[in-house]
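Please look over the sequence and the model shown here before reading on.

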Amino acid sequence: STQWCVTVSPLSLTAATSSDEEDDSDSSTKPIRSEKKKNPASLFQTGGDPPKEKKSKKKVPSKGAESEEETPETMQKNSNKKGKAKKSKKQKEERPPSPVIEVDNLEEFVLQPAPQGVTVKCRVTRDKRGMDRGLYPTYYLHLDNDKKVFLLAGRKRKKSKTSNYLISVDPTDLSRGGENFIGKLRSNLMGTRFTVFDNGANPDRANADWSNVRQELSAVVYETNVLGFKGPRKMTVIIPGMNADCERVPIRPRNDNDGLLMRWQNRNMDNVIELHNKAPVWNDETQSYVLNFHGRVTHASVKNFQIVHCSDPDYIVMQFGRVADDAFTMDYNYPLCAVQAFAIALSSFDGKLACE
């Protein structure tokens, strides 16, 4: 099948296409070809069980499983180094849509892990219109299907010492005190480390039993290069592990020394999973870095990335990339939920990133 490939020159991602035919490499109707492949769910299970227990708790992926990761990563010659993607207009209409996903309860859906074997395909749009939206754009997340179901909105808070994004289940209500507030993304002073919280209470305002304390849903670390930016970004994503019932293990830090970032830094990895962005491959022919997005990314951007587990780099936990000036595709798989994936994507927009 034909594919879109995305190549990364030393400073940016550029798109190249191999033909005009429709890309169907990630059709949700295709059967999974490799039966022997390790079940991805086992990569994320922690829940305090000894490693030997994991094998018996495997779940078979659902029949609607997508086989994106099975597509051979054959890189096509890049005939368009500047990444203008001349043929992308035709391709955009032909991108395979998301499988049918029912969103009965929006608040519940955006916090639930993606169903195993199904890639949840979404679209992020950036709205810069209005007086201060140039500085504080609003970002909207929709399912990338016929209905374009709204999922989440995010916006950077003003008057905040560090980058602080509010995430809401209402596109018109992005207030901290509103009932639609579902989570937030907060950075350190450098803008290189981010933590994602749900809408629980600050530990300072905890109940006696700590039941209302906010959970940390993920953290993102961008590697800085003080000598200048010489290649693609390097990201580390830290998420809570999953228990034997494939539910997220709650991480409710009581202080700043117990969060995901501190656990990762101290290599205290109980119930914590470390992920990385997939390293692009250098292509001598095109003198650029190459990464295969299976038709879901069509434009050059340093923000384009894929997140994987080091034990199975073919299983794409999440991918994000530009398809227009202010439009991006964001696809995520088990064990991520929409809030985690959207917040990770928001971190890549942050202007303070010291690695650009």
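The paragraphs below go from the sheet to its individual strands, then to the cores, a helix and the cysteines.

This is a predicted model, in which local features need pLDDT of at least 70 and side-chain atom pairs count only at pLDDT 80 or more, while totals for chains, interfaces and linings use all residues. Residues are numbered from 1 along each chain as its sequence is written, and side-chain values use heavy atoms, with hydrogens and water left out.

Twelve strands form a closed barrel with antiparallel pairing, in the order β3-β4-β5-β6-β7-β8-β9-β10-β11-β14-β15-β16. Neighbouring strands of this sheet are turned by 20° against each other on average, direction ignored. Strands here are DSSP runs of E with at least two residues, helices are runs of H or I with at least four, and both are numbered from the N terminus. Two strands are said to pair if DSSP finds at least two bridges between them. Strands of a sheet pair through backbone hydrogen bonds, either parallel or antiparallel.

Arg 155 has Leu 166 of β6 as its bridge partner. Five bridges then connect β6 with the antiparallel strand β7 (residues 181-187), where Arg 186 stands opposite Asn 164. Strand β7 is in turn joined by five bridges to β8 (residues 193-198), again antiparallel, and Arg 186 has Thr 195 of β8 as its bridge partner.

How many residues of strand β6 (residues 164-168) are buried? Five of its five residues are buried, where buried means under 20% relative accessible area, exposed over 50%, and partly exposed in between (1.4 Å probe, protein chains only). Both faces of β6 are covered, with Asn 164, Leu 166 and Ser 168 on one side and Tyr 165 and Ile 167 on the other.

Strand β10 (residues 235-240) has six of its six residues buried, so it is largely enclosed by the rest of the structure. Met 235, Val 237 and Ile 239 point one way from β10, whereas Thr 236, Ile 238 and Pro 240 point the other way. Four bridges pair β10 with β9 (residues 216-222) in the antiparallel sense, and Val 221 stands opposite Thr 236. Five bridges pair β10 with β11 (residues 272-277), also antiparallel, and here Ile 239 stands opposite Ile 273.

Attention now turns to the nonpolar cores. A nonpolar core is a set of buried Ala, Val, Leu, Ile, Met, Phe, Trp, Tyr and Cys residues joined through side-chain atoms within 4.5 Å. The largest has 54 residues, and those with the most contacts inside it are Leu 152, Met 318, Met 330 and Tyr 332. Its largest share, nine residues, comes from helix α5 (residues 338-349). A second, separate core of eight residues includes Val 221, Ile 238, Leu 260 and Leu 261.

Leaving aside neighbours within four places in sequence, Met 318 is in contact (heavy atoms within 4.5 Å) with residues including Phe 305, Met 330, Tyr 332, Ala 341 and Ile 344. Helix α5 lies across several strands, among them β3 (120-127), β4 (138-143), β14 (305-309), β15 (312-324) and β16 (327-332).

The cysteines complete the picture. Cys 246 counts as buried at 17% relative accessibility, and Cys 337 is buried with a relative accessible area of 0%. A search of the whole structure finds zero disulfides, a disulfide being a pair of cysteine sulfur atoms within 2.5 Å.

Definitions and conventions. Axes fitted to C-alpha atoms, helices over the stretch in contact; angles between N-to-C directions.
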